[in-house]
Amino acid sequence: MHDLMVALFKFIKSFWQFMKIVIVFCILMLLFYWVENLTGGDWGWLNFIRGFLEGLVKIGDSIYSGSLNLFEAVFEFKFFNALILLVIAFYLMNLFIMITEKIEDIYDDSWRAYKKAEKKIMNKSLQDNVKKEEKKISKYAILIHTALKKKFSHKELNINIDEQNQLMNKFIAEKTGAHSMNYDGGFLYQFNSFEEIDAVLDVLFKILNSNAPLDYSICIQSGDNLPQLKKVADLKHFGKVTMAADTAYRYKFNTSHRYGTSQIGIFQNGDTTLEVHEFKEIL
């Protein structure tokens, strides 16, 4: 429909332009007809348009039928009046073109406003669908790897890392109700409510900020994508709570956000790249 309207406006403007050309041609023919009348000639080549010119002059005569003797010739005002009518018609064509362009501008503005509103509705619908799909992702997993902090790694300190790991697992179990499983050399925890992840993040950051002799690499993955969780964990970002981009995106759709997110970087993993983010405490 829009293409049809654009074509229609283009046709109408072209028609008015064509009519201007026709009017200019008629003005030229009227001048020849006037000269023919002044000289008393009989120009047969004007016969193709003579009927129209005679009718036009007749209209001019009805406006004013006077005459003027000048240079031994009789100048009849009816010809001049007919010429004025054609000039007025020429400028009317310009007016019609301006009016058509104005109407076209109004139509274009209305069309753009309509398309903008339609796009806004479509985007809102897409956003609602994306939000709905993201909200369906409720499960998530956490993989924690531990290592002794450098200042506690001396043998003479005799720090038992297994004992420290047990204390960590016990603390997490008491605070979240989740129990760990051994996975990829670390401890895997699985949860069923991503919407409530902030409460779990509170626990994880308490671990990170504790005075324990352990250093922690904590990775989170939404959904059931354990292979991707392993890829993020393999980067061993100790002292951080990290995640892939899809998990950071999922977090945006939570009702509340007690933590911020920021990108750590993009890492090459075989033939693919992995965009890694981290949770940040909001001060």
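Residues are numbered from 1 along each chain as its sequence is written. Because the model is predicted, local features need pLDDT of at least 70 and side-chain atom pairs count only at pLDDT 80 or more, while totals for chains, interfaces and linings use all residues; side-chain values use heavy atoms, with hydrogens and water left out. The pLDDT is the predictor's confidence in each residue, from 0 to 100. Its mean for the protein chain is 89, and 94% of the residues reach 70 or more. Where pLDDT is low, the predicted coordinates should not be read in detail.

Helices (H or I, at least four residues) and strands (E, at least two) are DSSP runs, numbered from the N terminus. Seven-strand order is the place to start: an open sheet of 7 strands runs β4-β5-β3-β6-β7-β9-β8, with mixed pairing. Two strands count as paired if DSSP finds at least two bridges between them. The edges are β4 (181–183) and β8 (259–269), each with a single partner strand, so one side of each has no neighbour in the sheet. From one strand to the next the twist averages 30 degrees; axes are lines fitted to C-alpha atoms, for helices over the stretch in contact, and angles run from 0 to 180 degrees between N-to-C directions.

Strand β5 (residues 186–191) pairs with β3 (residues 140–148) in the antiparallel sense over 5 bridges. Here I142 has Y189 as its bridge partner, and A141 stands opposite Q190. Strand β5 also pairs with β4, again antiparallel, over 3 bridges, with M181 bridged to L188. These two strands, β4 and β5, form a hairpin with 2 residues between them, and D184 in the turn has a positive phi of about 55 degrees. Of the 6 residues of β5, 5 are buried, so the strand is largely enclosed by the rest of the structure; buried means under 20% relative accessible area, exposed over 50%, and partly exposed in between (1.4 Å probe, protein chains only).

Helix α6 (residues 226–233) lies across β3, β4, β5, β6, β7, β8 and β9, running at about 150 degrees to β6. Helix α7 (residues 245–252) packs on the sheet as well, touching β6, β7, β8 and β9, and its direction makes about 95 degrees with that of β7. Contact means heavy atoms within 4.5 Å.

A nonpolar core is a set of buried Ala, Val, Leu, Ile, Met, Phe, Trp, Tyr and Cys residues joined through side-chain atoms within 4.5 Å. The largest has 29 residues, of which I142 and F279 touch the most other members. At least two residues each come from β3, α4 (161–176), β5, α5 (197–208), β6, β7 and α7, and α5 gives the largest share, 8 residues. Leaving out residues up to four places away in sequence, I142 touches F187, L188, Y189, F191, V200, L204, I218, C219 and I220. Apart from this core lies another, of 19 residues, among them M29, L53, A82 and M93.

The buried residues of α4 are Q164, N165, M168, N169, I172 and A173, and their cover includes β3, β5, α5 and β6.

Elsewhere, helix α2 (residues 47–63) contains R50, which is buried with a relative accessible area of 14%. Leaving aside neighbours within four places in sequence, R50 is in contact with Y33, E36, D42 and W43.
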